[in-house]
Amino acid sequence: MIQTPEPDSGTTSADEVNFRSEVREWLAENLNGQFRELRGLGGPGREHEAFDERLEWDRALAAAGLTCLGWPKEWGGRDATLRQQVIFHEEYAKADAPSRVSHLGEELLGPTVLAFGTEEQKRRFLPGIRNVTELWCQGYSEPGAGSDLAAVATSAYLDGDEWSITGQKIWTSLAHLADWCFVVARTEKGSQRHHGLSYLLVPMKQPGIEVRPIIQLTGTAEFNEVFFDNARTAADLVVGEPGDGWQVAMGTLTFERGISTVGQQIRYARELADLEAVARKNGAFENPVLADRFDTAWVGLRVLRAHVLRTLESGHDGASVDARTAAGQASVTKLLWANWHRGLGELAMDVLGAPGLIADAPGADLNAWQRLFLFTRSDTIYGGSNEVQRNIISERVLGLPREARP
C-alpha cells in the first residue's frame, strides 16, 4: 500500500524540532470550529470553494505569525531558515489544511519585492501581503505569446507621473478577486524578446481594466482574460529598473517553483494513496499494468521531491542566481510536477473504467477524480507549457540552437 510519506527533510536541530511541533499543534488546534469544514478545500480547479472562509483562515495564519515565514523580521516575517519553511509546508499539507488564497502575493510578489524592490515599495506592499489584506494576480501570459514570456506585446509608456498600459493578458488566475496585478509589459518601443520589458505593479480596481472569466472543462472559472485599455499605475511602481523586467520576472518564477512544491508533493502523495484505495476496492489493482503504473507514479514523486530539495539551497532568494540557472531549475520543476499530475488524472480514469465517464447522478457535479482528470489537462499548459519549458532548457541552459520561429 502506497502511503503518504512522513517528512524526511533531515530535521535534526532542536529549533527545527520545536518549530515542527509548534506548526503541527497550531494546525491541529485551529482546523476546528469555524474552520473545521475547510480541510482539503481549494487549490487548482477548486479555487471557488469557500473562498471567503479560506480568506479568513489565511488571516488567522497571519495573526499567528505563520505567513511569510522566510521574510526578514523587519518586514513581518520570522527569518525562518530554509529547513523551517520546508517543515511548515510539510506539516500544512499533512494536516490537509485548505489551499491558501494569498499564495500569489506571499510566494511570488512578496519575495520579488524583497529581492528587487525599493524601500518605499517594501513599505507600501509587504504589510498588505503579510496580513492578507491585499490580494494579487500575475499578468504574464498573452493570447499572441502563449507561455513565451519574452514575446509579450502588452505595452506601457510614461505619461507624466504615471504608466499608461494597453494590452491583454490571459489565464490570469484569481484576477476577478485580486486588488493588484504584477504585469510584465514592453516599455521600450521597438524592443524585442527579453529586452525592453518592465515589471509593473498595477491596481486592478480601475476603469481601464476589464476582467472576463474563462470557463474551464470543469465548469468553473478561476482564471480570466484581462484587458488593459490605458490602465494607469504610478511611475515609481516598477520593480527594478525600467527595461530590466526579464531578470525580475525570472526571479519570480524561481520563487513560484520553490519551497511550496514540497507541500505540493505531499498533497500529490495523498491523492495517489486515495486512488490506490479505490483501485484495490474495485479490483483494478489486480491488473498488473495498472499496479506497475502506481509504482511508477510513486517513484516519480520521489524524483520530484529530490529535485526540489536539491535545488532549493541554490539561490532560493531569486536574486543571487543568474537568469540562466533560475530558468533551468524552474523549468525542470514545472515539467516534473505537471506531467506527473496529468498522468495521475489519466491513471484515475483507467482505474474507474467506464463508470468514470458518467456523473454519479443526473445533473450531479463532477466527482473528485473526474475533476482531477479534466483540470490536470491544463497543468502542462498554464505557468508555461511543456514545449516552452523544454525550449528554455535546451536553448538557454544547454546552449542548443534555437528552434525556428516565424
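Is Val 299 buried, exposed or partly exposed, and what is its relative accessibility? At 45% relative accessibility, Val 299 counts as partly exposed. The model is predicted.

**Overall picture**

The protein chain holds 11 helices and eight strands. It has 406 residues, and 54% of them count as buried. Among contacts with a separation of 6 or more, 74% join residues 24 or more positions apart. The accessible surface of the protein chain is about 18,000 Å². Carbon and sulfur atoms hold 53% of that surface.

**The nonpolar patch**

Val 299 sits in helix 8, which covers residues 288–312. Together with Trp 298 and Val 303, Val 299 makes a nonpolar surface patch of about 260 Å². Patch residues need over 30% relative accessible area. Val 299, at 45%, is above that cut-off.

Most residues other than glycine have a negative phi. Trp 171 is not a glycine either, and its phi is positive, at about 60°.

Where do Val 132 and Trp 171 lie? Val 132 is in the loop between helix 5 (119–130) and strand 1 (136–139). Trp 171 is in strand 3, residues 162–173.

| Residue | Relative accessibility | Class |
|---|---|---|
| Val 132 | 0% | buried |
| Trp 171 | 41% | partly exposed |
| Val 299 | 45% | partly exposed |

Buried means under 20% relative accessible area, so Val 132, at 0%, falls in that class.

Key:
Residues are numbered from 1 along each chain as its sequence is written. This is a predicted model: local features need pLDDT of at least 70, side-chain atom pairs count only at pLDDT 80 or more; totals for chains, interfaces and linings use all residues. Side-chain values use heavy atoms; hydrogens and water are left out. Helices (H or I, at least four residues) and strands (E, at least two) are DSSP runs, numbered from the N terminus. Buried means under 20% relative accessible area, exposed over 50%, partly exposed in between (1.4 Å probe, protein chains only). Patches are made of residues with over 30% relative accessible area and no salt bridge: like charges are joined within 9 Å, nonpolar side chains (Val, Leu, Ile, Met, Phe, Trp, Tyr) within 5 Å. Accessible areas come from the Shrake-Rupley method with a 1.4 Å probe; for residues, only the protein chains shown count as cover. A salt bridge is a side-chain nitrogen of Lys or Arg within 4 Å of a carboxyl oxygen of Asp or Glu. Contact means heavy atoms within 4.5 Å.
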